[in-house]
Amino acid sequence: MNRLVALIVMMIGGALLTDTAHAQQATTQINIAAMRPGTAPAGFEFTLTGGGRVTAWKVVVDPTAAAQKAIAQTSADRTDYRFPLAVYEPLLARNVDVIVRFKPVGGTVDQAGGIAVRLASPDDYYVVRANALEDNVRFYRVVKGSRQQIQGANLKVAANQWHTLGLRAEGDRFTVSFDGKPLFTAQDSTFVSPGKVALWTKADSVTHFDTIAITPLD
């Protein structure tokens, strides 16, 4: 009987492990291929941090994108402290792994693209961003609209080329990757509650995004 009980426990444990691993790997892949050019991307709401106007993001034709389409922030508003956000509404997560491809297309004030996580409001969230004019990647917390750098790295971010940017949030630990390679880790406990995931740009950055993958880890 003891052997039978032990066997059942092992089977249940194995099933739970499989279910947990499956849950952690339930990736949401944004289906840009199904979106119509010229329209706002389905599933997203638009807001911003800072000044300037809230502008709608659009689906644009881009022959170099994975599906020959991309989600783009196209406004040329040059307000310097302006951070447009395209918030993905269907998902709320605390621990999450987000990977996007982005291409800096234009901008005179900035040419930046980023990922926001644990977004509680347009003024409260974490964000990692890469900037083609500054050739760097920075990780920030935005608290009541004030952007505060936590960590960063200097490296080449080529304009008009696709790059991969990743942000993994687990508890108070954050891992940033760029072009498929780990870049740095950081620790912070400012925001501990679940929040939204968003695409992020700055000022007049015209930036294209495709291949957006969101994996909740909770």
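**Close-up views of the predicted model**

**Figure 1. Thr49 in strand β2.** T49 lies in strand β2, which covers residues 44–50. The coordinates shown here and in the following views come from a predicted model. With a relative accessibility of 1%, T49 counts as buried, because that value falls under the 20% limit for burial. The T49 side chain reaches the backbone oxygen of P122 at 2.3 Å. A polar contact of 2.8 Å also links the side chain of T49 to that of Y125. When residues up to four places away in sequence are not counted, T49 touches Y81, R82, F83, L85, P122, D123, Y125, V142 and G145.

**Figure 2. The seven-stranded open sheet and the pairing of β2 with β5.** Seven strands form an open sheet in the order β2-β5-β14-β7-β8-β9-β10, with antiparallel pairing. Strands β2 and β10 (146–154) stand at the edges; each has a single partner strand, so one side of each is left without a neighbour in the sheet. From one strand to the next, the twist averages 25°. Strand β2 pairs with strand β5 (residues 82–93) in the antiparallel sense, over seven bridges. Within β5, F83 is the bridge partner of T49, and F83 is also among the residues that T49 touches.

**Figure 3. Strand β6 between the rest of the structure and its pairing partners.** Strand β6 spans residues 96–106, and eight of its 11 residues are buried, so β6 is largely enclosed by the rest of the structure. Antiparallel pairing joins β6 to β11 over seven bridges. In this pairing, V100 stands opposite L165 of β11. Strand β6 also pairs with β15 in the antiparallel sense, over nine bridges. Here V98 stands opposite I214 of β15.

Figure 4. The structure holds one cavity of 30 Å³ or more. The volume of the largest cavity is about 30 Å³. Its lining consists of I30, F44, Y88, V197, A198, L199, I212 and I214. Strand β14 provides the largest share, three residues. I214, one of the lining residues, is the residue of β15 that stands opposite V98.

**Figure 5. Asp172 in the loop between β11 and β12.** D172 is placed in the loop that runs between β11 (163–170) and β12 (173–178). D172 has a relative accessibility of 37% and therefore counts as partly exposed. Leaving aside neighbours within four places in sequence, D172 is in contact with A186, Q187, D188 and S189. The C-alpha atoms of D172 and F191 are separated by 8.5 Å, with the two residues 19 residues apart along the chain.

**Figure 6. Overview of the protein for orientation.** The protein has one helix and 15 strands. Of its 218 residues, 47% count as buried. Among the contacts in the protein with a separation of 6 or more, 68% are accounted for by residues 24 or more positions apart.

Note on methods. Residues numbered from 1 in each chain as written. Predicted model: local features only at pLDDT ≥ 70, side-chain atom pairs only at ≥ 80, totals over all residues. Heavy atoms only, no water. Helix = DSSP H or I, 4+ residues; strand = E, 2+ residues; numbered from the N terminus. Buried < 20%, exposed > 50% of the residue type's maximum accessible area, 1.4 Å probe, protein only. Polar contact = N/O pair within 3.5 Å; in protein donor to acceptor, adjacent residues only side chain to side chain. Contact = heavy atoms within 4.5 Å. Pairing = 2+ DSSP bridges. Axes fitted to C-alpha atoms, helices over the stretch in contact; angles between N-to-C directions. 1 Å grid on protein atoms, 1.4 Å probe; cavity = no way out; pocket = protein on both sides within 12 Å on 5 of 7 lines; lining within 4 Å. Points joined across faces, edges and corners; volume = space filled by probe spheres on them.
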